[in-house]
Amino acid sequence: MKWEDSDMGSAIRPLVAGNWKMNGMRDSLAQIKHVSESSALAISNAEALICVPATLLHSAAVMTAGTPLRIGAQNCHHEEDGAYTGDISAGMIADSLGSHAIVGHSERRLVYRECDASVRSKAAAAHKASLTAIICIGETEEERIGDRTLEVLRCQLAGSVPDGATAANTVIAYEPIWAIGTGRTPSIADIAAAHAFIRAELSGRFNGEGDRMRLLYGGSVKPSNAAGILEIDHVNGALVGGASLMAADYLAICAAC
Ligand SMILES: O=C[C@H](O)COP(=O)(O)O
């Protein structure tokens, strides 16, 4: 089955979102071009997205216009404009032809002390600018060991997802923090339990929209484990860090959908 972009139907079209983090110079645009023109992408059932550094956003979006690859940003400010040195607004991302903005990534939560309220206002700003917000949640290793994973996820969902969230404008990415960049992943059963819990929370709050919201798994996804993760119930794609930096690996993960 091949999905059209607009087809959310009964099945949820998977999304493979690459997050380049603070990696990529102008010469990396050649890699974006290669991915966007790949026949592997053309026949994949996944919607493909790469969230590049802000410096590459417009060039990458122009270069990939009309291809199956979408280009997104990794953060946005909650205000539309103002005296916020170094920040970019959701409107600026849309103006640069970006389609998505990641908000609340654990690196922003931990390094820049972003709280749920801040993430929620960033997601609302993304929605206002007609972007899709990819809202990240996930527990630390300490919280997991303390059997607090579901409690943490419940709090982050309640605090970070704005009331205007719909299946079209919001994606939730579950990323256990201890699995990011470590090569370690939760068991299939643990991913399944977390995603089933997230789905139930979203369905309880947003009804049908929550039933259809995409839930991505993130944390050490690579070609060798992608197929097993992507077939878990309520896993509707992946948020991929390190492996998205290599075109062949990213395309292999898309092909696993
Ligand atoms: O945004 C992506 C995640 O932080 C996962 O990164 P990773 O695939 O390098 O573990």
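This is a short tour of the structure, stop by stop, with something to select at each one. The model is predicted.

**Stop 1: the ligand**

Fourteen is the number to look for: of the 14 residues around the ligand, Asn 19, Ile 180, Gly 181, Gly 241 and Gly 242 come nearest. Color the shell by residue type. How many of its residues are nonpolar, polar and charged? Five are nonpolar, eight are polar and one is charged.

**Stop 2**

Zoom in on Lys 21. Lys 21 sits in the loop between β1 (15-19) and α1 (29-36). Look beyond its neighbours within four places in sequence, and Lys 21 is in contact with Gln 74 and Gly 241.

Move on to Gly 181. Its place is the loop between β6 and α9. Gly 181 is partly exposed too, with 13 other C-beta atoms within 10 Å. Which residues does Gly 181 touch, not counting those up to four places away in sequence? The answer is Gly 241 and Gly 242.

**Stop 3**

Take His 105 on its own. Find it in the loop between β4 (100-103) and α5 (106-111). His 105 counts as buried, because it has 28 C-beta neighbours inside 10 Å; the cut-off for buried is 20 or more. Leave aside the neighbours within four places in sequence, and His 105 is in contact with Gln 74 and Cys 136.

Next, center on Glu 175. Glu 175 lies in the loop between β6 (170-174) and α9 (188-206). With 25 other C-beta atoms within 10 Å, Glu 175 is buried. Show its contacts, again leaving aside neighbours within four places in sequence. They are Ser 106, Cys 136, Gly 138, Ile 180, Gly 218, Gly 219 and Leu 239. Cys 136 is in contact with His 105 as well.

**Stop 4**

Select helix α6 (residues 116-128) and helix α8 (residues 149-160). Their axes come within 7 Å and cross at roughly 45°. That makes α6 oblique to α8.

Now show the residues where the helices meet. On the α6 side, pick Asp 116, Ala 117, Val 119, Arg 120 and Ala 123. On the α8 side, pick Gln 156, Gly 159 and Ser 160.

**Stop 5**

Most residues other than glycine have a negative phi. Here are two with a positive one.

Select Leu 97, where phi is near 75°. Leu 97 is found in the loop between α4 (90-95) and β4. It is partly exposed, with 16 other C-beta atoms within 10 Å. Beyond its neighbours within four places in sequence, Leu 97 is in contact with His 58, Ala 61 and Val 62. Leu 97 and Leu 131 are 34 residues apart in sequence and 9.8 Å apart in space, C-alpha to C-alpha.

Then go to Asn 207, with a positive phi of about 55°. Asn 207 lies in the loop between α9 and α10 (208-212). Is Asn 207 buried or exposed? It is exposed, with 10 other C-beta atoms within 10 Å.

**Last stop: Met 246**

Finish at Met 246, in the loop between β8 (237-240) and α12 (247-255). Met 246 counts as partly exposed, with 14 C-beta neighbours inside 10 Å. Draw a line from Met 246 to Ala 11. The two are 235 residues apart in sequence and 29 Å apart in space, C-alpha to C-alpha.

Note on methods
Residues are numbered from 1 along each chain as its sequence is written. This is a predicted model: local features need pLDDT of at least 70, side-chain atom pairs count only at pLDDT 80 or more; totals for chains, interfaces and linings use all residues. A residue is near a molecule or strand if its C-beta atom, placed from the backbone, lies within 6 Å of it. Ala, Val, Leu, Ile, Met, Phe, Trp, Tyr, Cys and Pro count as nonpolar, Asp, Glu, Lys and Arg as charged, and the others, Gly among them, as polar. Axes are lines fitted to C-alpha atoms, for helices over the stretch in contact, and angles run from 0 to 180 degrees between N-to-C directions. Helices (H or I, at least four residues) and strands (E, at least two) are DSSP runs, numbered from the N terminus. Angles under 35 degrees count as roughly parallel, over 145 as roughly antiparallel, 65 to 115 as roughly perpendicular and the rest as oblique. Two residues are in contact if their C-beta atoms, placed from the backbone, lie within 7 Å. A residue is buried if 20 or more other C-beta atoms lie within 10 Å of its own, exposed if 12 or fewer, and partly exposed in between; C-beta atoms are placed from the backbone.
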